[in-house]
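Dear colleague,

Please find the structure below, handed over for your further work.

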Amino acid sequence: MIPGRVGHFVARGAVVRGFLVGAVLAGGVAPALSQPVETVTVDARAPGRPFPHFWEHVFGSGRAVLSLRESYREDLRDLRSVTGVSYARFHGILDDEVGVYTEGPRGEAIYNFSYVDEIYDGLLAEGVRPIVELSFMPHRLAAADTRHSFWYHPVVAPPKDYDRWDALITALATHLVQRYGIAEVSQWYFEVWNEPNLDFWAGEPKQSTYWTLYDHTARALKEVDGRVRVGGPVTAQAAWVADFIRHCHELGIPVDFISTHVYGDDSAKDVFGSEEHIPRDQMVCRAVAKAHSEIKASAMPELPLILSEFNATYMNRTEITDAPFMGAWLAQTIRQCEGLAQEIAYWTFSDVFEEAGVVQKPFYGGYGLLAAGHIRKPAFNAFALLHQLGMERLEIDAEGTLATRREKGELVVALWNYTDVGSPGSARRVTLQVRNAHPPNATLQVLDRTHGNALAAYTRMGSPRYPTRAQLRDLRAAAILPAPSVVELKGGSLSLEIAPDGLVLVTLPASRENLRSR
């Protein structure tokens with residue numbers, strides 16, 4: 001259950017059969033159009049298949065040093081209270097601000113893992129392990145002072161001396177194993193660099209020079225202990241996957257997993273080399289399917305796939321990442337990506353994040369699930385709702401729907417009304433019919449433009465750049481989802497009308513018939 005205010009819905013008809021869910025939009029204007037009524041039938045006795053929650057185990061975040069802030073850790077604790085997060089990933093563990101590497105007066109390497117320890121100790125204290133992205137280059141070790149355009153300007157050049165790079169990786173891995181033990185560190189993931197096909201890597205040619213970096217790094221890690229897991233190519237746009245596997249296989253380079261990234265507004269030309277238009281709600285999973293098929297067709301078809309960054313956009317767009325749009329988009333993405341990747345990692349869980357500089361106001365289209373000031377966004381609420389899905393998925397022939405079953409027999413059904421960005425959309429009308437069970441009621445939880453939407457409250461208060469403490473309290477309160485509402489069912493039927501961008505979670509208690517059938 002999600003704590004919050006008591007929700008209020010208006011019953012339809014003399015007998016309470018269901019509820020009008022989210023039919024009134026922000027501003028009190030009802031949708032001008034409605035879709036035809038569709039019937040969605042859920043069979044409580046239908047066979048199911050395992051449905052691991054692959055979307056809620058790994059999350060990205062701001063760079064490594066930001067994890068030392070209490071605001072970061074507070075946001076992580078809040079995330080952990082409503083999801084199954086068990087891994088966090090960030091850039092910059094080797095950046096100069098972490099103090100890992102410098103050189104003495106005679107050019108000798110000097111290592112310092114004090115901040116590394118604080119960073120990883122902090123994660124582990126919250127019950128979260130790291131995905132160790134080995135980036136970026138310490139400037140004293142770099143072949144050139146080539147900087148990325150991020151506000152903190154990481155060095156993206158190759159190392160000036162691969163013997164020194166190997167020694168650094170060996171020293172770091174040895175230190176981690178000694179501090180945490182191999183039983184712990186063997187459960188981490190080590191990624192080599194970040195998006196080397198873009199401007200995060202200054203080696204030329206990009207691919208062959210990245211192979212060199214990867215080969216040295218993977219071998220150095222495995223020499224410390226063969227149980228350390230290492231992978232790549234950590235590319236943007238699902239690139240290089242087949243080439244990377246071929247390279248590792250032919251040369252005998254260690255690789256334990258494949259990782260790559262994709263965003264909803266990546267272009268088909270960049271991802272597939274085509275000129276077609278791929279909608280935002282299809283791009284991520286089509287790219288994941290591409291990477292999945294390339295792995296299966298390779299000489300190493302059992303390699304796990306981790307999508308270690310994804311989001312609906314790689315740009316700062318308030319109407320996307322700060323808005324209720326994310327609820328339906330996320331549910332749609334989960335439905336399509338099931339079975340294609342072991343994990344997918346939302347970028348990011350918090351707007352404690354400084355790629356473009358210090359955050360200037362709470363809502364600016366940041367990637368985070370929580371806005372600055374510890375304000376839950378609609379995307380946070382979407383994760384909280386979808387966490388409640390069961391661990392068994394039921395086959396159902398209905399778009400915009402996920403039907404699941406929990407271990408004790410409860411049915412949990414997510415329904416949504418995906419609407420393209422900028423479109424007013426129309427209400428989705430659904431009759432949910434339950435077969436082979438006779439639950440007396442259902443529990444409804446709703447996320448849409450008028451439920452669990454702090455952005456609307458922020459807009460109403462005039463979008464202050466620096467909200468007062470009182471305004472922050474109001475925004476945090478506005479962000480909380482209403483308490484679940486209990487609705488009577490009659491004849492096993494429930495009528496819903498879902499507003500554009502709306503996400504509804506329906507929970508049906510286990511019936512005796514369903515429990516006996518299991």
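Contact here means heavy atoms within 4.5 Å. The model is a predicted one.

I begin with Tyr189, which lies in strand β8 (residues 189-192). Leaving aside neighbours within four places in sequence, Tyr189 is in contact with Tyr87, Pro130, Ile131, Val132, Arg229, Phe257 and Ile306. The relative accessible area of Tyr189 is 15%, and because buried means under 20%, this residue counts as buried. Asp270 is 81 residues apart from Tyr189 along the chain, and the C-alpha atoms of the two are separated by 27 Å.

Glu184 belongs to helix α4, which covers residues 182-185. Glu184 is likewise buried, with a relative accessible area of 17%. When residues up to four places away in sequence are not counted, Glu184 touches Leu124 and Arg129. With Arg129 there is also a polar contact of 2.7 Å between the side chains.

Turning to the strands, the model contains an open sheet of three strands, in the order β1-β18-β21 and with mixed pairing. Its edge strands, each pairing on one side only, are β1 (38-43) and β21 (493-498). On average, neighbouring strands of this sheet are turned by 25° against each other, direction ignored. Strand β18 (residues 428-435) pairs with β21 in the antiparallel sense, over six bridges. Leu432 has Leu494, in β21, as its bridge partner.

With kind regards

Methods. Residues numbered from 1 in each chain as written. Predicted model: local features only at pLDDT ≥ 70, side-chain atom pairs only at ≥ 80, totals over all residues. Heavy atoms only, no water. Helix = DSSP H or I, 4+ residues; strand = E, 2+ residues; numbered from the N terminus. Buried < 20%, exposed > 50% of the residue type's maximum accessible area, 1.4 Å probe, protein only. Polar contact = N/O pair within 3.5 Å; in protein donor to acceptor, adjacent residues only side chain to side chain. Pairing = 2+ DSSP bridges. Axes fitted to C-alpha atoms, helices over the stretch in contact; angles between N-to-C directions.
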